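Reader: Before I use this model, I would like to go through its helices and their packing with you. Could you show me the sequence and the structure?

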Amino acid sequence: MAGVSSIEVKESLDELVQQLPKDKERLQVLYWLKQDKSPSIGAIATAIRKHRNPVGR
């Protein structure tokens, strides 16, 4: 299925929120991916203004 990500995020939401000031962009992406209804990789890439390939890595 197109647009489905199979990325496993090891950190909990609480851990990500605590680390947010240190590395905001990376952690924001991890936070979005950890949510129950996470946005697509394309939507995340648009939000952080990067191409979707680096976001998927």
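Reader: Where is the place of I41?

Author: The model is a predicted one, in which local features need pLDDT of at least 70, side-chain atom pairs count only at pLDDT 80 or more, and totals for chains, interfaces and linings use all residues. Residues are numbered from 1 along each chain as its sequence is written, and side-chain values use heavy atoms, with hydrogens and water left out. Helices are DSSP runs of H or I with at least four residues, strands are runs of E with at least two, and both are numbered from the N terminus. On that basis, the place of I41 is in helix α3.

Reader: Which pattern does the chain follow when read along the sequence?

Author: The chain holds four helices and zero strands. Read along the sequence, the pattern is therefore written with helix symbols, under the DSSP assignment, as α-α-α-α.

Reader: Is I41 buried or exposed, and with what relative accessible area?

Author: Buried means under 20% relative accessible area, exposed means over 50%, and partly exposed lies in between, with a 1.4 Å probe and protein chains only. I41 falls in the buried class because its relative accessible area is 13%.

Reader: How wide is the arc within which the buried residues of α3 fall?

Author: In α3, the buried residues are I41, I44, A45 and I48. They line one face of the helix, because, seen down the axis of α3 and taking the directions from the helix axis to the C-beta atoms, they fall within an arc of 100 degrees.

Reader: At what angle do the axes of α2 and α3 cross?

Author: The axes are lines fitted to C-alpha atoms, for helices over the stretch in contact, and angles run from 0 to 180 degrees between N-to-C directions. Helix α2 (residues 24-34) and helix α3 (residues 41-48) have axes that come within 11 Å of each other and cross at roughly 150 degrees.

Reader: Is α2 roughly parallel or roughly antiparallel to α3?

Author: Angles under 35 degrees count as roughly parallel, over 145 as roughly antiparallel, 65 to 115 as roughly perpendicular, and the rest as oblique. With axes crossing at roughly 150 degrees, α2 is to α3 roughly antiparallel.

Reader: Which residues of α2 and α3 make the contact, and how many of them are charged?

Author: Contact means heavy atoms within 4.5 Å, and here E25, V29, W32 and L33 of α2 meet I41, I44, A47 and I48 of α3. For the classes, Ala, Val, Leu, Ile, Met, Phe, Trp, Tyr, Cys and Pro count as nonpolar, Asp, Glu, Lys and Arg as charged, and the others, Gly among them, as polar. By class, the contact has seven nonpolar residues, no polar ones, and, as charged residues, one.

Reader: How far apart in space are V29 and I44, C-alpha to C-alpha?

Author: V29 is found in helix α2, where V29 is buried with a relative accessible area of 9%. V29 and I44 are 15 residues apart in sequence, and their C-alpha to C-alpha separation in space is 6.9 Å.

Reader: Which residues does L20 touch, not counting residues up to four places away in sequence?

Author: L20 is found in the loop between α1 (13-19) and α2, and L20 is partly exposed, with a relative accessible area of 28%. Not counting residues up to four places away in sequence, L20 touches L27 and Q28.
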